[in-house]
Amino acid sequence: MNHKIFAICDTEEAYALRLTEYMLERVRLPYTLHLFTQVEELQKFVQQKKIEILLIAESALRMLREEYIRQQAAQIFVLLENDMSGREDMYCISKFQSPDKIVEALSESITDLPDLSLGEVILDTAVKIIGIYSPVKRCLQTSFALTMGQILAKEHRTLYINFEIYSGFGQMLKREFSMDIMDLMYYFRCARDKLPLRLPSIIQNINGLDYIPPVQSFTGVREASGSQWWDLCEYIAGIGQYEYIILDLDDSMDGLFDLLHKCYKIYTITKEDSFAVAKINQYEQILKFNELEEIADKTVKCRFPTFKEVPVNLQLMTHGELASYVKAIVREDLYGE
């Protein structure tokens, strides 16, 4: 079987290795990735094989017979080493920025090419998608979800997705997100075959746990159905090779029960006060009325003890009393210990 080839060429060996390692670890591409740190090696290679995408440093390109390389590479991207030397006849990306920014710029250019496809993603049906939802508010649901995600991420590739319309993530993390989950849904709908290269520029990481920035528009999560969200989750799992996906679910989204119905396991947080008990009872009655007893059957109810302190720093969710509580749940429910 002939695999399409993605080649990187840069004579600055340390830089080229870092960029290649990032591509291998973070980007799921249906290409065979080749690294060249000497232009002579690239010249010999293209005499035998065609390159689909060539990412080449500006200085390395000057050492080659450009017209010949143009014939041997379907698409060329130049890593600029002089910001004033941009060329209109090639896609140019500044070399002196972080690997994730380079991949983001690369993905933006590639998605502009109508004839360039990143191939088919094979869905990984082994992924375990865990739903976390409670009709009781202010019950530490998000703290619980983030703690579980960070604990799982220590041993498994894990993704956390928050569906709240007012998550407060940007303020809590002191970050501004250029893209969020609705951008991901847009690319999933309109340019699905090119999403594998888009994904790394959208996904963020906190203490080893990958997460997608929550929606920033009030109406965003209401624009997709439960089945669309599920299809997106499975597709992301195939791209990122995730073993676990944590869904922090909210009443405001469409298709909540559709997602819960398909989850591998569900965690519902309860409280002892009368309003909390009444809300849980009403929620369970609605499940029964709509013949959704399967959701109740795979739901684990969690009633927390009184915690003296819950970490405010989202980087420290694996420490403290809540973390000890969640670790016990993970060992018993997910690992069967």
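**One side of a helix**

Tutor: In H14, the buried residues are Leu 322, Ala 323, Val 326, Ile 329, Val 330 and Leu 334. They lie on the same side of H14, because they cover an arc of only 120° around the axis, the arc being that of the directions from the helix axis to the C-beta atoms. This is a predicted model, in which local features need pLDDT of at least 70 and side-chain atom pairs count only at pLDDT 80 or more, whereas totals for chains, interfaces and linings use all residues. Residues are numbered from 1 along each chain as its sequence is written, and side-chain values use heavy atoms, with hydrogens and water left out.

Student: What does "buried" mean?

Tutor: Buried means under 20% relative accessible area, exposed over 50%, and partly exposed in between, with a 1.4 Å probe and protein chains only. In this chain, buried residues make up 50% of the 337 residues.

Student: Which elements do the buried residues of H14 pack against?

Tutor: Contact means heavy atoms within 4.5 Å. The partners are helix H6 (141-153) and the strands E6 (128-132), E10 (244-248), E11 (265-270) and E12 (299-303).

Student: How many residues has H14, and what span does it reach?

Tutor: Helices (H or I, at least four residues) and strands (E, at least two) are DSSP runs, numbered from the N terminus. The expected span is 1.5 Å times one less than the number of residues. H14 (residues 321-334) has 14 residues and reaches 19 Å from its first C-alpha to its last, close to the 20 Å expected.

Student: What follows H14?

Tutor: Gly 336 follows H14, and its phi is positive, near 65°.
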